[in-house]
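Work through the following exercises with the sequence and the model at hand. Each task is followed by a solution in steps.

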Amino acid sequence: MEIAIRSSDTVALLTGAGISAESGLKTFRDAGGLWEQYRIEDVATPEAFNNDPELVWSFYNQRRQQLALSAPNAAHYAITEFRHRFPNTYVITQNVDDLHERAGNVNVIHMHGSLSGIKCTKCSYRRIDLEPVNSVPLCPQCSSRLRPDIVWFSEMPYHMDSIMNIINICRLFISIGTSGTVYPAAHFIEIASGRGALTVLINKEYVHCSSEHFIEGSAAETLPVFLRSIGVNNG
Ligand code: OAD
């Protein structure tokens, strides 16, 4: 596959848990993944938090600790390098880790929130930290329970307007390490394709979607090679 785009073109990269797998973070739906160990309805819905906030915090606390021990991999760094050639590159991530940022990626949009984010269930209080949370913390402003600043099932993903603006104008859309099972993210590749973007799926295994091209393999191995192969055509 030979792809050449203008250096001013907009490039959208949609990332999922697979891009962080080689950093040691578990995916959700692979064998041994998080949704094999936990039920979504026990730890990833507003109702779960109402019913058992200790369980929900212990789930996210483990993930916060795991994140503190992990580091970006070659796939995250390849995006930083790519953006030097294509400055209008945007990362739309479903991931709640901060590995894109730690690899120097800019223009990162966290549509499902962030593991380091904590917010009040009642007022507008928010803070960022990765300190261990051993019991259910309370809001310093209104004493209500604090919860992880994560978009749970049935909640509206963040930054949808900005995301749609990028998808509507992108020349190249690359989906990396996502099973494409959670909406609205699962729709993005089809929307981008419908708007005329070149679409590429990079994943350990084929997942059904409307991508024109499929590169099978691990993100850390295939993404750097693929991004470097993209040529500049300003003619
Ligand atoms: P999934 O666990 O559903 O999918 C991860 C995908 O990455 C799978 O298709 C794997 O085959 C692939 N994969 C695994 N390791 C890989 C590697 N090293 N290189 C490339 N691909 C690899 O994770 P997501 O699609 O990100 O939402 O899940 C989407 C959302 O579902 C998450 O954001 C989360 C979850 O429930 C919420 O919690 C709201």
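**Exercise 1.** Sort the residues of the shell around the ligand into nonpolar, polar and charged.

Solution. The model is a predicted one. Start with the class rule: Gly counts as polar, while Tyr, Cys and Pro count as nonpolar. Under this rule the shell holds nine nonpolar residues, 11 polar ones and five charged ones. Next, pick out the residues that come nearest to the ligand: of the 25 around it, these are Ala-17, Phe-28, Arg-29, Thr-178 and Ser-179.

**Exercise 2.** Find polar contacts of the ligand with side chains and with the backbone, using a cut-off of 3.5 Å between N or O atoms.

Solution. Take the side chains to begin with. In Glu-22, a side-chain N or O atom is 2.8 Å from a nitrogen atom of the ligand. In Ser-179, a polar side-chain atom lies 2.5 Å from an oxygen atom of the ligand. Then turn to the backbone: an N or O atom of Lys-204 is 3.2 Å from a ligand nitrogen atom.

**Exercise 3.** How much of the ligand's accessible area does the protein cover, and in which pocket does the ligand sit?

Solution. On its own the ligand has 800 Å² of accessible area. The protein covers 96% of that area. As for the site, the ligand sits in the largest pocket.

**Exercise 4.** Describe the fold of the protein chain by its helices and strands, then compare its radius of gyration with the globule rule.

Solution. Counting elements gives 10 helices and 11 strands. The radius of gyration is 18 Å, and the globule rule for 235 residues gives 18 Å, so the chain is as compact as a globular protein of that length. Along the principal axes, the C-alpha trace spans about 60 × 35 × 30 Å.

**Exercise 5.** Locate a cis peptide bond and a positive phi in a residue other than glycine.

Solution. The bond from Tyr-183 to Pro-184 is cis, with omega near 5°. Pro-184 belongs to the loop between strand S8 (172-176) and helix H9 (188-194). The positive phi is found at Asn-107, with a value near 55°. Asn-107 lies in the loop between helix H7 (99-102) and strand S4 (108-110).

Definitions and conventions: Residues numbered from 1 in each chain as written. Predicted model: local features only at pLDDT ≥ 70, side-chain atom pairs only at ≥ 80, totals over all residues. Heavy atoms only, no water. Near = heavy atom within 4 Å. Polar contact = N/O pair within 3.5 Å; in protein donor to acceptor, adjacent residues only side chain to side chain. Areas by Shrake-Rupley, 256 points an atom, 1.4 Å probe, with all protein chains shown as cover. 1 Å grid on protein atoms, 1.4 Å probe; cavity = no way out; pocket = protein on both sides within 12 Å on 5 of 7 lines; lining within 4 Å. Sits in = over half its atoms within 2 Å of the grid points. Helix = DSSP H or I, 4+ residues; strand = E, 2+ residues; numbered from the N terminus. Rg over C-alpha atoms; globule rule 2.2 N^0.38 Å.
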